[in-house]
Amino acid sequence: MTVHLLSLDLLTLRLPLVSPFRTSFGVQTDRTPMLVRVEAAVGARTVIGWGECVALPRPVYSSEFLDGARQIIASEIAPALRSAQTSGIEVTAENVGDLLAPIRGHRMAKAAVEMAVLDAQLRASDRSFASWLGVTATRVASGVSVGIQDSVPMLLDVVGGYLAEGYRRVKLKIEPGWDVEPVRAVRERFGDIPLQVDANTAYRLGDAAHLRRLDAFDLLLIEQPLADEDLRQHSLLARQLQTPVCLDESIVSAETAADAIALGASAIINVKPGRVGGYVEARRVHDVARAHGVPVWCGGMLETGIGRAANAALGGLPGFTLPGDISASDRFYREDITAPFVLDDEGFIAIPRGPGFGVEPDEDRVAAAQIHAQRVDLSHG
Ligand code: SMG
Ligand code: MG
């Protein structure tokens, strides 16, 4: 049964965070995800699919930003899909990446559209994303990402709270001036917990001697210490550290993952579907890493239940051997737009098994949080 895309609704929401989230590139007090809602005709039926764009409002994590993503979807991505359909090509999650390849970059925007197409196509055939991936696991280990705090005592309180909730791994955001001491304090207070750090590009290669001080704390990994494009410098840094280097921002495709592995720049890889252009490419990153014996884990971008559902399923692939930044919905949101994801009593998140991503956005909550809406027609050439 072919799926014919009819329209895209680009719905920007504003969701307050339960507490401010501070990283080396700034403080967030709310999240403004852009949902992509696709309407598709499947025979006489209409099917809805949902995607989520993880771009931040400003280009501080990567070059993409929210309004840019919305604009590129409306002005380039949607017309490319429309013209494919006009030429008789069915748009599917499997071919959407190729159809959009002439548009350079804009991976988060493309990923959001691919997600919506994938959700619709899976719903049309009553199949779950987990089944499409071939995932048989039923749950994934849940890690939590802890922002930079105002003081070490406050950090210890926050980390203690998450450990009491059952999280199976803690990641601390670091930056120059907030690294060795907070890590030492968490190690001393909480002992042998699975612990890692994320610098979001805040260091330079010349900081190698300083970063080597983290080797004393037996961290699982240090995430993205240097700038995005510095694969070679990461490989030089990695040789000076015992702590494994894990790249996030630098890995934008399966090709860059292969290069990073070959250079010795990334002993572990953070897989974020938005950053690499979608779940199809995310699976390729997983496959390349696995073929090289490089462990991967699923990163997070403070997703709503839609992205969280998809990430949980992705994290069920066999190469995802470390806990992901797939926390419970209440880590960030008092009220999510889907039924909340919760930790089970062993600190795992269940992988949804319903059709598509297996979650239903609550239309009232979406409407209540909506700050912008734009409809793009896909049905007419
Ligand atoms: O979704 O749990 C989450 C957030 C995890 O720390 C997290 N993400 O660089 O890995 C990262 C950051 C990016 C956050 S953008 C605000
Ligand atoms: Mg990161």
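Student: How far is an oxygen atom of ligand 1 from a polar backbone atom of L302?
Tutor: This is a predicted model, in which local features need pLDDT of at least 70, side-chain atom pairs count only at pLDDT 80 or more, and totals for chains, interfaces and linings use all residues. Residues are numbered from 1 along each chain as its sequence is written, chains are lettered from A and ligands numbered from 1 in the order in which they are written, and side-chain values use heavy atoms, with hydrogens and water left out. For ligand 1, the distance from one of its oxygen atoms to a polar backbone atom of L302 is 2.7 Å.

Student: What percentage of the area that ligand 1 exposes when taken alone does the protein bury?
Tutor: Accessible areas come from the Shrake-Rupley method with a 1.4 Å probe. Taken alone, ligand 1 exposes 440 Å², and the share of this that the protein buries is 100%.

Student: Which lysine side chain has an N or O atom 3.0 Å from an oxygen atom of ligand 1?
Tutor: An oxygen atom of ligand 1 also lies 2.7 Å from a side-chain N or O atom of N200. At 3.0 Å from a ligand oxygen, the side chain in question is that of K272.

Key: Polar contact = N/O pair within 3.5 Å; in protein donor to acceptor, adjacent residues only side chain to side chain.
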